[in-house]
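Visitor: Please walk me through this structure, one feature at a time. I would like the general idea first, then the case here.

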Amino acid sequence: MFDAVVVGAGLAGCVIAERLASQKNWKVLIVEKEKHIAGHCYDSRTEFGLLIHRYGPHLFHTNSKLVWEYLSQFTEWDYYQHHVQAFIDGRCVPLPFSFETMDLLFPKELATRLKEKLLRIYTFNQKVPILELMKQNDPDIQFLGSYIYDKVFKNYTAKQWEMLPEHIDSMVTARVPVLVGRDTRYFSDIYQAVPRNGYTCMMENMVNHRNIKLILGLNFLEIGEVRDHTITIGGKTFDGPIYYTGPIDELFGYCFGELPYRSLELKFQTIQKPYYQSCATINYPNNYDYTRITDFKHIHPLDTSQTTILIEYPKKFKKDENEPYYPVFTDESQNKYQEYRKLVEKYKNLILIGRLAEYTYYDMDDVVEQALKTVEGIGYGR
Ligand SMILES: Cc1cc2nc3c(=O)[nH]c(=O)nc-3n(C[C@H](O)[C@H](O)[C@H](O)COP(=O)(O)OP(=O)(O)OC[C@H]3O[C@@H](n4cnc5c(N)ncnc54)[C@H](O)[C@@H]3O)c2cc1C
């Protein structure tokens, strides 16, 4: 009855299904284990009407015109520039660390000297990894790199990944940038926005197609089996393509062991004030058990006397207890993932796509781009 089956109605699954249905005129079945679509992008309104992101704050940003124009068929946008602050030494300062942050944290003379020295070495608005600052000979620049490492990065990372600060690979530090400029926006992509009526509504518009049948609340593994180079659904061999967006280890019965993830405990609270804090997200690198607090009123403005905040506590991932959020990349986990990939190659009609199936961290635009390419036959994921 169906030309293709898509497992999972997250962003990857919805894009795949929409393209197959609308461009190839295929009949597509989507099987989703949750009672809602949109996966980790799932959002819904509180009792007082505020749109909140149920799996953590999701801000859409991309430099890809293709991705932007594709998604714009299914939603109107509210233009939104994300701002993040960090609570450091008793005050909130803007991130990424920039001239603005220096002016707030350092004595005027030191801040001026640092800015002048940075501008002598780098160009205005350049993003420089702190590892590079730490390697410079100038003691002031070295101080700046070490300060950011200690106050912004080290404890946050240790909390997020549950590792001792001294075990944090210095190469990871390389990704933490200092902005040689005054742009306080968290992202600098060309397109930045949030869907006016939410991600879930956007994806409902994608899958609302006569060629798509969506079954919610059904785990594919209850009806499907992947064994001996054959995929069966309901006991019958299925020869059409299966686009699988769930966890790769679960698909193969954890035969090589579980792939490690970090999880989060998300605590939502409604606050009887129009706003809880001065910007959308404040990071708490030091001193607290949580990593960040998000006030959704800044993301989806609404004229009400309450707001809803989300406090994020990093947790160990335990299968059947909580959600897999971030893959833990180690040599061991990568080797294990490659073992699973080799199994996938034995199934000619099995295509793995998305953050869980490809065991990677994808931003939303990466997922959309990958899904579009997959359907065009340009690439079949990693
Ligand atoms: C806390 C957090 C914040 C983020 N913020 C941003 C952001 O600000 N900007 C950004 O661009 N990206 C952000 N992301 C990344 C974004 O969430 C992902 O890029 C996106 O959700 C990936 O979509 P996906 O379809 O691959 O996975 P998912 O959204 O996880 O979808 C997979 C779907 O498959 C279903 N499924 C799994 N197994 C089965 C099965 N056996 N049978 C049936 N269904 C199954 C799941 O229930 C799920 O619905 C964030 C991620 C996290 C964790």
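Guide: Start with two helices: α1 passes α12 in a right-handed crossing. A crossing is right-handed if the near helix is turned clockwise from the far one by less than a right angle, and left-handed if anticlockwise. Helices (H or I, at least four residues) and strands (E, at least two) are DSSP runs, numbered from the N terminus. This is a predicted model, in which local features need pLDDT of at least 70 and side-chain atom pairs count only at pLDDT 80 or more, while totals for chains, interfaces and linings use all residues. Residues are numbered from 1 along each chain as its sequence is written, and side-chain values use heavy atoms, with hydrogens and water left out.

Visitor: How is such a helix pair described, and at what angle do the axes of α1 and α12 cross?

Guide: Two packed helices are described by the angle between their axes and the distance between the axes. Here, α1 (residues 11-23) and α12 (residues 364-376) cross at roughly 35°, and their axes come within 9 Å. Axes are lines fitted to C-alpha atoms, for helices over the stretch in contact, and angles run from 0 to 180 degrees between N-to-C directions. From α1, the residues making the contact include Leu11, Val15 and Leu20; from α12, they include Val367, Val368 and Leu372. Contact means heavy atoms within 4.5 Å.

Visitor: Take Val368. Is it buried or exposed?

Guide: Val368, in helix α12, is buried, with a relative accessible area of 0%. Buried means under 20% relative accessible area, exposed over 50%, and partly exposed in between (1.4 Å probe, protein chains only). Setting aside neighbours within four places in sequence, Val368 is in contact with Leu11, Val15, Val67, Tyr70 and Leu71. Its C-alpha atom is separated by 9.1 Å from that of Gly354, 14 residues apart along the chain.

Visitor: Which residues of α11 are buried?

Guide: An α-helix has 3.6 residues a turn, so residues three or four places apart point the same way. In α11, the buried residues are Ser333, Tyr337, Tyr340, Arg341, Leu343 and Val344. Seen down the axis of α11, they fall within an arc of 155°, so they line one face of the helix. The arc is that of the directions from the helix axis to the C-beta atoms. On the other side of α11, Asp331, Glu332 and Asn335 are exposed. Among the elements covering the buried residues of α11 are α10 (248-251) and β22 (350-352).

Visitor: What span should α4 have?

Guide: The expected span of a helix is 1.5 Å times one less than its number of residues. Helix α4 (residues 108-121) has 14 residues and should span 20 Å; its end C-alpha atoms are 20 Å apart, which agrees. Its buried residues are Leu110, Ala111, Leu114, Lys115, Lys117 and Leu118. They fall within an arc of 165° seen down the axis of α4, so they line one face of the helix. The face turned away from the buried side carries exposed Lys108, Glu109 and Arg120. Cover for the buried residues of α4 includes α3 (99-105) and α6 (139-161).

Visitor: Now the strands. In what order do the three strands of the open sheet stand?

Guide: Strands of a sheet pair through backbone hydrogen bonds, either parallel or antiparallel. Here the order is β5-β11-β6, with antiparallel pairing. Two strands pair if DSSP finds at least two bridges between them. β5 (60-62) and β6 (77-79) stand at the edges, each with a single partner strand, so one side of each is left without a neighbour in the sheet. Neighbouring strands of this sheet are turned by 40° against each other on average, direction ignored. β5 pairs with β11 (residues 191-195) over three bridges; Thr62 has Tyr191 in β11 as its bridge partner. Helix α8 (residues 199-207) packs on the sheet, touching β5, β6 and β11, and its direction makes about 85° with that of β11.

Visitor: Which residue takes a positive phi in the hairpin of β13 and β14?

Guide: Asp228 does, near 50°, in a hairpin with two residues between the strands. β13 (residues 224-227) and β14 (residues 230-233) pair in the antiparallel sense over four bridges. Arg227 stands opposite Thr230 in β14. β13 has a covered face, Gly224 and Val226, and an uncovered one, Glu225 and Arg227.
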